[in-house]
Amino acid sequence: MRIIFHPSFDRGYYKSHEPNSQDILGTQIVGIQGMLEHLSLYNGLSGQFASDGERAAAYLAHVAKWAKGTIIETAFTNDNLGVAKRLLEWRDALIMAGWEAAPDVDDDKPKLQLLANIESTWKGDMKGDADRWHDLLILSQKQRIIEDNDTIDCRCAKEQLPFVVQQVLEACNAVFAEYPDNVQIPDNLKIKIKHYKDLTDVYRQVAANMEDYKDCVIINRDNVSLNHSLFAWGEPLLNANIEEANPLTLQLFKLAMSLFSRPLNINDVLSYLQLPVGPVPRKLRSALAYILATNGGFGEIDWNDISDENEAAALKRNNVCTLWDKTIYDYIETDDNATSLDKKERKAKAELLKYITDKSIEEGKDIPVEILKDYIGDISGWANRYANSGICEDDALKSQLGNVVVFFKQLACILGGAEKISYADLDKHVRTIYQPTAMTQAHAQVGALEVVSSYEQLVDTPKKLVWLDCSEADQRADQYEFLSAAERQWLDSQDRVSIPTLKNILEFNRKEMVCAISKVKESVILVTSEYHHNQKLAEHPLVAELKMLRGDNLELSEGEINLPMSEEKEISIPSPKEQYDLGKINPAQRSESNTSIDTLINYPFDYTVDYIAHLGKSSKNDTVSPQKAKGLVAHHVVQSLVSRVSGKDGIRRIAEMKDILKNDYEAILQNSINVTGLILLLKENQMEYNSFKDQLKRSIDSLILIMEHHNLFPVGCELKYENPLGETIGDFNARIDLVLNDAEGRAVIFDLKWSYSDYYGNKIKDGKALQLDLYRKELEESGKMVSAVGYYLMPKCQLDTPDFETYKDKHIDKIIINHIDPPQGIDIFTQIENSVKQRRDEIENGSIEEGEGMDILQLPYSQAYIKHGGMLLVGQAQKKRATKVNPSPAIDAIIKDSPKIFTAKPEMLFTKTYEFSKNDTPLNETETTYPLMKGRLK
């Protein structure tokens, strides 16, 4: 057999398919890894070998024995695994150079001395490629290590190979390439240089003119970018690899171990739950991810919603405290007909999530290694089983899971026999072990161009060669640069050791490149570019050499971009519509809320999509923002305080709240954060969290001052009321943030808002506080008289209300009650009823108002407003509405990032909508542009 060898052939090669090319039968083309496997197989040295990562983890224990008092002591303390990996790389490089560990190295060679000491205890533990080549060398000195009829045609000079590989191939009688001393490109070779501004232009030119390149061999390093252009033009794709990819499955390793972090990183947990595959079933992961995303934490169980007493008792008996716990419990107990084995399996899978809420794992405390090892074994065991099961048919996924298993093995090896480890050290190990991987982005398709990534991969000589990215030469690193001058000199003096210099490596690489280009039969085109991905590219040494040798005789030109002309077609733009006629709609009777009524009046299309068609509920993938989390936590803290004093005497409730706030505030806050605001615990939110913690306490103090000033005592938070609001609105569900009683037993309603804005005060001022009026009416329908309502703006420590007089507390020198006069002579609830009836009539008749860009005086709702003498409710005026880009939540599930379809005129940049201070105020004309389906009256 004829073996054609070059170290680069492992990454691919070009072999001519012409009849007169060398016969491929009886020929094997291999790179350095392929040669190692071929010789090992013949000599019975094949086997299953540890990965470099596993070897580094094992090498760590040996380095630890010798690190103290050496040059690596400080670095090893800070990053022991990173240091061990680097030392192992040095050791392997020296083995490939023929180094034999000598224990009697002088003190002026500290690195060699350290490596020799480590080798004295390490040698033979886990073999890497360097050790395998060394074993072949030892064997070649005793016997022939290649078949008698095999010949090796080495396509590079022996000086370009590691010294041990040289000796092994010499023992096999390999024929090495030889380069002339003064090799140059011949003058008769036809060479063109084409220059482009950007490499992307080159790729577009190739994709648009494929026929020009069918009979060429192309050199190109970035096939991923070239594939983008080929795909856009509908041409066959090339083999393309992403060298340092971070596919989601590979990140299973990092994300799985992040569950032990304290404080818990909610973003990492959410990412873990949303991985494409994982040891926990997707159904359970999706449900838990939804809880985290919608609640901002583990969520709180509403025990009033659990009507079955036995179910409630079972949940409490099993310590189910949060929605997160309940979801896991329901998953395990769901199927009453399941066998005990099935239930055990479900429980075992759910157990993998227990460390997320495990209270024994606390911030600042070490984690028992035994727990970590069991967890690592479970996760890696699943990954190994899944990769080798018939379910997993994706080769890329199998490869990624294989890497994950290796990562976990390394971590288990590092943990060793230790009893405990801090999360900081664990995280350091995880980050050191984790490495991006090479990933196949695309496989070559039928009809693809002949492309290689380097001149080194030319097995046969092409007729025509086009080098697409002949800019910015690859940097060749010197793997022996860690050696000091004394160490290099000492190694050079040793028998059978050869340390190459970077100068010699670069010189031989140049000779190989020139020889490869010179052998091209007809023509060579070198394409240069000034930029790629906005990065300035340097001139390639080959181009510089040609310019120097040929001068004015070198053919230089600016590259052309010949793209076929596209056919132009007129596109008709949809015109604005007053309304959408959908035919009669008969929506089922439903209970309304203040949110649904607000949407019905101001956004009838959104209401139809969301509440009638039920198409507007998009799935949530991201957790709540820190700003929203503050509001959720603030609500929950107040609710927790009120619930703890609910059984007390009215007067005692305030005093009790003060005591709890003084003694247990931190515990209540932490519990509320776990339930609704985990994102506040992230390191990047630390300063914001500290400020919020103090701010919230001041806010509750001011809330208590307001209670004391008006002799109010809390009744409850998040109280539900379900009473019909007349025939027009019908069933109505209210969930009121805070209900209090005054000294006369009348109800007082506070709606809690985490906001600094005047928006809510303006609602009261303009007579558009729909929420407060609906809540007031709901309590009155339940037989309760309401004496006051208001918005409590928590960060401002201020109550905006139409019912209480302004009050400035002398102790804190701040207005904590802000009286706002509402418009006189307006019956808001009657307006709400009329508006609801008008909108429902429109929907039932199948006419849903849109009116984008239309004169609002011509819209049906405006005509109805006039017909009812102004007794319809209208939305609060909003400026700059025309510049709003994001679609409403109701449309989000149907149309993502809807583009604008109507062009705004300059005079339409600011939009006026309904603005009324009196019932007889005339309507203003409004012209506006909104994203698709966003023309609204609000």
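User: How do you know that the count of disulfides is 0?

Analyst: The count comes to 0 disulfides under a rule that asks for a pair of cysteine sulfur atoms within 2.5 Å. This is a predicted model, in which local features need pLDDT of at least 70 and side-chain atom pairs count only at pLDDT 80 or more, while totals for chains, interfaces and linings use all residues. Residues are numbered from 1 along each chain as its sequence is written, and side-chain values use heavy atoms, with hydrogens and water left out.

User: What makes Cys-154 and Cys-470 buried?

Analyst: Buried means under 20% relative accessible area (exposed is over 50%, partly exposed in between; 1.4 Å probe, protein chains only). Cys-154 has 1% and is therefore buried; Cys-470, at 0%, is buried too.

User: Why are β1 and β3 called paired?

Analyst: Two strands pair if DSSP finds at least two bridges between them. Strand β1 (residues 2–5) and β3 have 4 bridges, in the parallel sense. One of the bridges joins Ile-4 to Asp-153 in β3. Strands are DSSP runs of E, at least two residues, and helices are runs of H or I, at least four, numbered from the N terminus.

User: What makes β2 and β3 edge strands?

Analyst: The open sheet has 3 strands in the order β2-β1-β3, with parallel pairing. β2 (27–30) and β3 (151–154) each pair on one side only.
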